[in-house]
Amino acid sequence: MEQDGLVVVEAAVNAPVLFTMDTIGTPPELLLPIFGEYNKTPLFLHVVWRTRQAPRTSDLRHFGGRKVKQYWDPNGKTPSLGGRLRVNGRLVEMDRLGLRMALARAAAFPQ
């Protein structure tokens, strides 16, 4: 699936559904499959790469799809979320129930 290109951050990213990657690697195993369950909703997953080196195409491919927007923040303007997802201002742990409930609530009551 195609997606928008990588955007270099000028100011901290603030999005309803936000995840930060502090190191190059793979995303948490539950994040993308569970987010994919909400692909018919208006939600977009905003991924901020907070790494000194730009992520490679192979790294960006981990977060494929039209409902994902990716940013590169080499200066750390966007605060790290410590491996959690932020949905409508609340941090969500990477467990099935927490992710599903937070995303369902965000889809039903967008901000």
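Is Arg56 buried or exposed? Arg56 counts as exposed, because its relative accessibility is 53%.

## Basis

This is a predicted model: local features need pLDDT of at least 70, side-chain atom pairs count only at pLDDT 80 or more, and totals for chains, interfaces and linings use all residues. Residues are numbered from 1 along each chain as its sequence is written, and side-chain values use heavy atoms, with hydrogens and water left out.

## Sheet

An open sheet is built from 6 strands. Their order is β1-β4-β3-β2-β5-β6, with mixed pairing. At the edges sit β1 (7–8) and β6 (90–92), each pairing on one side only. Helices (H or I, at least four residues) and strands (E, at least two) are DSSP runs, numbered from the N terminus. Two strands pair if DSSP finds at least two bridges between them.

β5 (residues 85–87) and β6 pair in the antiparallel sense over 3 bridges. Val87 has Arg90 of β6 as its bridge partner.

## Helix α3

Helix α3 (residues 96–108) packs on the sheet. It touches β2 (17–21), β5 and β6 (contact: heavy atoms within 4.5 Å). The direction of α3 makes about 30 degrees with that of β5. Axes are lines fitted to C-alpha atoms, for helices over the stretch in contact; angles run from 0 to 180 degrees between N-to-C directions.

Arg96 lies in this helix. Its relative accessibility is 49%, so Arg96 counts as partly exposed. Leaving aside residues up to four places away in sequence, Arg96 touches Leu30 and Ile34. Arg96 and Leu32 are 64 residues apart in sequence, yet 11 Å apart in space, C-alpha to C-alpha.

## Salt bridges

The structure holds 4 salt bridges. Each needs a side-chain nitrogen of Lys or Arg within 4 Å of a carboxyl oxygen of Asp or Glu. One of them joins Asp22 to Arg50, with the closest N and O atoms 3.0 Å apart. Asp22 is in the loop between β2 and α1 (31–36), and Arg50 is in the loop between β3 (45–49) and α2 (57–60). Asp22 is partly exposed at 33%, as is Arg50 at 24%.

Glu37 and Arg100 also meet in a salt bridge, at 2.7 Å, N to O. This pair links distant parts of the chain, 63 residues apart: the loop between α1 and β3, and helix α3. Arg56 bridges to Asp59 at 3.6 Å. Asp59 is buried, because its relative accessible area is 4%.

Key. Buried < 20%, exposed > 50% of the residue type's maximum accessible area, 1.4 Å probe, protein only.
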